[in-house]
Amino acid sequence: MIPGRPSLTESVLQSPSRLRVTAMRILLTITAVLVLALAAVVGRAEAQHELRGHVDALAIGGFAELEDAIAELAATGHPDAAPVLGMLRDGDLYVQPDGTVVRAERGGAGFLVSDPLTGEDLGEVGRGGVDRIRVNNNIRRAVRGALAGVTLMNPDPQIRYDAARTLSGAPSADMLEPLDAALAKEAVGWVREEMAHARAVIVLEPGSGADESTRIAAVERVAERANRDALVLLNAVAARDEGAVQAAAQDGIAAIERRLVIRDNAQHIWYGISLGSVLLLAAIGLAITFGVMGVINMAHGEMVMIGAYTTFVVQELIRNHAPGLFDASVLIAIPLAFLVAGAIGVAIERGIIRFLYGRPLETLLATWGLALILQQSVRSIFGPTNRQVGNPSWMSGAFDLWGLSITWGRLYIVIFALIVFAGLILLLRYSSFGLKVRAVTQNRRMAASMGIRTPWVDAMTFGLGSGIAGIAGVALSQIDNVSPNLGQGYIIDSFMVVVFGGVGNLWGTLVGAMTLGIVNKFLEPYAGAVLAKILVLVVVILFIQRRPRGLFALRGRAAEA
Amino acid sequence: MSIWKRTSGAIGAGLLAAGLMANPAVADEDPIKIGILHSLSGTMAISETTLKDVMLMLIEDQNEKGGVLGRQLEPVVVDPASDWPLFAERARELIEQEEVAAVFGTWTSVSRKAVLPVFEELNSILFYPVQYEGEESSRNIFYTGAAPNQQAIPAVNYLYEVEGVERWVLAGTDYVYPRTTNRILETYLKDELGVADDDIMINYTPFGHSDWQSIVADIRAFGSAGKKTAVVSTINGDANVPFYRELANQGIDAADIPVVAFSVGEEELAGIDTGPLVGHLAAWNYFMSVYTPENEDFIAKWHEFIGDESRVTNDPMEAHYIGFNMWVQAVEKAGTTDPDEVIDAMIGVAVPNLTGGYAAMMPNHHITKPVLIGEIQADGQFEVVWETPGTIVTDEWSPYLEGSRDLISDWRKPLECGNFNVATGECGGQGS
């Protein structure tokens, strides 16, 4: 109508009649857009109406009927099916008395109800107003399988990756077509790799109808994985197929088995280092109080426990007041645990131990009694039951390194133990405080004559050892129970490590802890956990018989201190 | 005059008689003492303290209802400090010095075995509230926990039938309960379900084992043999937290390798983030999440008593609830707290349990129980996915163990025997 399509401002600046026409046009456009949008909404609502029947079917019958309903819902291929299946898996779907399935969350006096398909808020019902759709492991598996088919094209690469992994875990020839379509569109390398693997697994299924060369290529691809799953699959192929495919599978099996032997050993060493680092953390504080100062401190384990409880308190405060900081809770707890356990250590030294220097038997009994008192106090304050200390997200889960499964939590503990160890060595070697500690423990009277306040150094050294035990408690709270008995489990191991490594030598503690850890982990698969522990104890006793001063005995004047 | 004298004499005699009558009545006003023998310190305090609390609550509740036989109940709490010989000493103290009418207590089998001779010698009554390995029946003990056929065997059946498990890991802590249960399960798996030797892996770990890396890796390797695998866990108390954490970290999903546990309840889960554990199972005779009016009432009372809404209830607590109510009923039936009469009156007593049924005391001194299989939920509770249609009677002597196959227990007259051998027809075979 109007050539050149003038812009709105242009038209407004033109004549009044022009203005009216323009206004009409705008109005028309808006109406058109509205009508179109409305049509889209209606269309969408109708499409959901179709799904509605499938969704309501989820609430009919027992687990077997539920499995069928899941398969039918997934078979619609509708984009809204995936979120509903996710809700079902997470146990968020409930059924109302009239048989409609709704999404419900705990809130208010009962449940906040919404429509699972549209998300429309349906208000609030009482606790008995809706019934949860029960899921068990079979249902979770069915949902996982159904979701894998629907989410192969998901925009999130991680979800596509998980879908491909699920498909290789439960291969079915029906999935070949969607998988090929997904592969053709996939641009992310690591997701592509996983999809290609899933495709190879499916091709090897009997009845996939693939030709020989495709199958041989698939065998080779699977063999590259060299893990136990691949081994199982190739074993099945070798037993089922003939000719070239069978030969390829047998070659693959031999190669995988060779690599598995190496990997198993690497895994044992890693587990050993990880166990060793836990022993190191538990023992390193004792290496100071027992090793350097010569105090037989039976309450050492309780210092570890106090550190763990400090972590619990920090996490509780963060949960209640600043939930956003939860991931940092462990880092915040480290200095606090050091201070709390260290302060208690100083109090113990000033209050009890300083009166007992030179009387090892009395020290042993006094500190053992103290350990019982500390345990029972914690039991009275926090209760006898386990306390929940959560893992921050960065310490959860595992990753694969050359086929080794390494858990993040354990990796951080190994690194943390080494940092604590290095820090302690540096402190004792290079700081003025470290110099005083060494002077006092090597020759107390000489040090005193040089003007060092030996009682103060004693208290601080004991505080340092206790504080480090507290730090160990933060790390142990991530892998063990936080209960009043936490310390008891580590006290014997700690003494064993310190005595085995050589009393008074921190490097000995490091080597001792790692050796015991690795030996334990190599024995475990052959002898079982119980016998392995006993064997290690016997070996250590025999070793101490031969070398009473441990691995790294102090020599010269220092040894006489 | 003489009439007056006689009358006054009669009144005097009447008063005297009334006085004499009143005396035993005064004695009846003395409270009945109930012994509570649970560790409040040491390793077992973690589990047993709760049971002490629940007993105090039950006694307080009964006193509000007017006590038993018109007399109030008085709890006598002692602390055996997780020390087995001390259990026997404390039990003797409760029976001889405190003269308690019955004792509720002990958790581990070794502590029960330690007090058993004391109860038999002094002829008193013990209520034992924890699931155990069976193979025992004493005249003086009432077992209100489950035996393996009321927990382990139904759980294995569930995994076999519903989840289609073909390969089994039997993992346990190294002591009598896991060892006996696993022996029973091994025989059951081989004889009844036809499982091959290669498809069973048995693993024991020390108490408080905290480094599960290798064992979880082994389980994963064992589970990747192309057959559906499950772990049957008799791992005890404290070792469970690091075990489940390692499972979660190594990414063992319940949909791939489910773990069914017999020693993990609501209380144990309170120390773990259960988000990654959803779908792992436990078999018990009670779950806090079971919705019945009795259970709602029990939970509300417990929260009010303990003053903490976040505290959970668990299976051994229900066992004490049942045991205590049974004792109350038996005492009212016998009209006395005399142990011999109460022991006789106990058999046949039936009280409601908390899951909507009835528990009956059988002649073998064990009770009937429903078996529930629950899956762990993200909120630390269990959701029941399967349950027995009715209650199950205890096989206190397991038919799957050599040497106990022919034994039965029946404490009714005239048999009155805890280990009657039906093959030889004599009382006194194996066991106690």
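The domain assignment of chain B gives two parts, domain 1 (32–147 + 291–368) and domain 2 (152–261), with bounds that come from an automatic or database domain assignment. The model is a predicted one, in which local features need pLDDT of at least 70 and side-chain atom pairs count only at pLDDT 80 or more, while totals for chains, interfaces and linings use all residues. Residues are numbered from 1 along each chain as its sequence is written, and chains are lettered from A and ligands numbered from 1 in the order in which they are written.

Taken over C-alpha atoms, the centres of domain 1 and domain 2 of chain B are 31 Å apart. Their contact (C-beta atoms, placed from the backbone, within 7 Å) takes six residues from domain 1 of chain B and five residues from domain 2 of chain B. On the domain 1 side, these comprise two nonpolar residues (Ala, Val, Leu, Ile, Met, Phe, Trp, Tyr, Cys and Pro), two charged residues (Asp, Glu, Lys and Arg) and two polar residues (the others, Gly among them).

Chain A, in turn, is divided into domain 1 (8–48), domain 2 (151–241) and domain 3 (264–560). Between domain 2 and domain 3 of chain A, the C-alpha centres lie 47 Å apart.

Where the two chains meet, 46 residues of chain A are in contact with 45 residues of chain B. Several elements of chain B each supply at least two residues to this side, namely helices H2 (45–64), H7 (213–223) and H8 (240–249) and strands E7 (200–205) and E14 (382–387); helices (H or I, at least four residues) and strands (E, at least two) are DSSP runs, numbered from the N terminus. H7(B) gives the most, with six residues. By class, the side of chain B that touches chain A holds 17 nonpolar, 18 polar and ten charged residues.
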